[in-house]
Amino acid sequence: MQPTTPLVLCVLLSQVLLLTSAEDLDCTPGFQQKVFHIDQPAEFIEDQAILNLTFSDCRGNDKLHYEVSSPYFKVHSDGRLVALRNISAVGKTLFIHARTPHAEDMAELVIVGGKDIQGSLQDIFKFARTSPVPRQKRSIVVSPILIPENQRQPFPRDVGKVVDSDRPEGSKFRLTGKGVDQEPKGIFRINENTGSVSVTRNLDRETIATYQLFVETVDVNGRTLEGPVPLEVIVIDQNDNRPIFREGPYIGHVMEGSPTGTTVMRITAFDADDPATDNALLRYNIRQQTPDKPSPNMFYIDPEKGDIVTVVSPALLDRETLENPKYELIIEAQDMAGLDVGLTGTATATIMIDDKNDHSPKFTKKEFQATVEEGAVGVIVNLTVEDKDDPTTGAWRAAYTIINGNPGQSFEIHTNPETNEGMLSVVKPLDYEISAFHTLLIKVENEDPLVPDVSYGPSSTATVHITVLDVNESPVFYPDPMMVTKQENISVGSVLLTVNATDPDSLQRQTIRYSVYKDPAGWLNINPINGTVDTTAVLDRESPFVHNSVYTALFLATDSGNPPATGTGTLLITLEDVNDNAPFIYPTVAEVCDDAKNLSVVILGATDKDLHPNTDPFKFEIHKQSVPDKVWKISKINNTHALVSLLQNLNKANYHLPIMVTDSGRPPMTNVTELRVHVCSCKNSRVDCNAAGAPRLSATAVLLLSLLGLARL
């Protein structure tokens, strides 16, 4: 077996891109030499130089800071590595980390003959993405590999080397993991003999930021001798992504007259580069403002937060004096903290200057004139106002009120939503004879309240003078309707009443003539001069033109104006009933079987067109003069019904029985109606009335129907 020698995994830490663009790779940030070998001395002497390190960030090394993996060593600003005290055992390896705001890198000092001590880069350097330093009793020791993205040709390119002096002869290195034998495959590979790790193509940090690989040694048969040991590959960001505004459109609103420094909106951009570097450190500025009046710098944007605020005085932020209440700002976001080398992206922010009610509406004149015909309704005049506020807001929309001159509520005013004018209307007809002139006092306000320092002045009120024009009005009947009560059947020519119509045009001397307009039954006549109404025919309460004892007629009254005007009046005649209608019976036909055991024939009912007391109770009788005694019998059931029955069976034949019915009027009226009775042969449930005339309902059926009719009363 070969003698034990230090096993070193040498990782060439690639340049770290900060503040350099993806195209600028002429200067490679980092240590000029990354791996050093020294023999273990008997003792490291305090403040004695061990070696000189050379580091450059390609930007002047501003704020360069070194860290050493052992607390007993430090690196001076000139790159000298020294011990802080006399010390003998420090381990096999020291790691030196250099960092500026623009770059960082790590170098390795291999101490040949040194002894292992425990520790980790995470503990030493306090940044999360480093892997552990070599652990005690492990032959394969790994450190993270740092590779800048977007490297140029040539490829493959060595990025590290694994040195294993304790590796048996014939053994080989093997590299596995995502980027080697897992998708995306073939990005990294290792020289199985020398242990050199190389990358085969350029990398994109925004696609994959880190790769977790594993290194192991295997024998000729592929069996693992040691490992696998994790190897982390960190892709170092380059500034290859421009800032992007992803949340547009950006629209902000600010009230006119707002104090200086009022925040309007916040606009932020996104940068896909590493947020831990200046590559994604954004600064904002306003590149252009349109329009540029009254000041080219109406707004300011916080370069770090993206807050847009007003920077002009409230007086300049006056919507009514602005050329345009809408401003468009071209906002630029630049990475690299706003330095000239940074990439930029732009977006448009639209800012609307919102209106507030700082202008009261004013009438265009103090007095308005209007004319309207008496009796007419509708809009008579439009009142015009001026308001400098935004027409799309309640600060411009007007609300009108009649504050004087409208005691009868004859006028109303509403706002025209398109023109903002006040539409003054007559809603109750005006009467010239009562008042030929009206004067209204009207005020106008906005829907929204005024701001505290603005009030409504004298121009917010106006006077409207209204002239009423006289027109020829129709005569008016009084009362209307006219009502009179008379008995029916009064003699023709009887006077019912004298109608009265007056002309509202009291200032004009006009005559009135009367005429019949509607007289459905043709019963009435009217004197055209004095309006006397008399009858031309007998009034009949039972006429189909009478409804609920009331007859309706219409009359006209026409004046002598030019042109003439006509009014209509209604006459309601209530007709009192007289006993002028005799009662009549129903039904008038009945059937009965010749061998019937029940000798009841039919139940008769009676009705009368007149009203009570000229109707029931009715008196039912058989006219004795033409019917033999002791054959028929009639019996009263109630005031309106009676039962007709036989005293004995009759032969099959047709019989005519005169029934006399009398009402209760004074004087009473009597009617004689012939009841036809068919006596039929009824055998085996068959009714045969042939010999007695055409077949009829059986006596039983007739009797049943009569009983049903009686039950309904």
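Two strands count as paired if DSSP finds at least two bridges between them. Helices (H or I, at least four residues) and strands (E, at least two) are DSSP runs, numbered from the N terminus. This is a predicted model, in which local features need pLDDT of at least 70 and side-chain atom pairs count only at pLDDT 80 or more, while totals for chains, interfaces and linings use all residues. Residues are numbered from 1 along each chain as its sequence is written, and side-chain values use heavy atoms, with hydrogens and water left out.

View 1. Of the 713 residues here, 45% are buried (under 20% relative accessible area with a 1.4 Å probe, protein chains only; exposed is over 50%, and partly exposed lies in between). Take contacts (heavy atoms within 4.5 Å) between residues at least 6 apart in sequence: 67% of them join residues at least 24 apart. The chain exposes about 36400 Å², and carbon and sulfur atoms supply 50% of that area (Shrake-Rupley method, 1.4 Å probe).

**View 2. The largest nonpolar core, built from 26 residues.** Such a core is a set of buried Ala, Val, Leu, Ile, Met, Phe, Trp, Tyr and Cys residues joined through side-chain atoms within 4.5 Å. Look for Trp632 and Val644, which touch the most other members. Strands that each supply at least two residues of this core include E44 (589-593), E47 (632-636), E48 (641-646) and E50 (670-683).

**View 3. An open sheet of four strands in the order E35-E42-E41-E38.** Pairing in this sheet is mixed. Strand E35 (482-487) and strand E38 (512-518) are the edge strands, and each pairs on one side only. From one strand to the next, the twist averages 30° (axes are lines fitted to C-alpha atoms, and angles run from 0 to 180 degrees between N-to-C directions). Six bridges link E38 to strand E41 (residues 550-559) in the antiparallel sense.

**View 4. An open sheet of three strands in the order E27-E31-E30, with antiparallel pairing.** Strand E27 (378-383) and strand E30 (411-415) stand at the edges with a single partner strand each, so one side of each has no neighbour in the sheet. Here the twist averages 30° from one strand to the next. E30 and strand E31 (residues 422-426) run antiparallel and are joined by five bridges. A handy landmark is Phe411, with Val426 as its bridge partner in E31.
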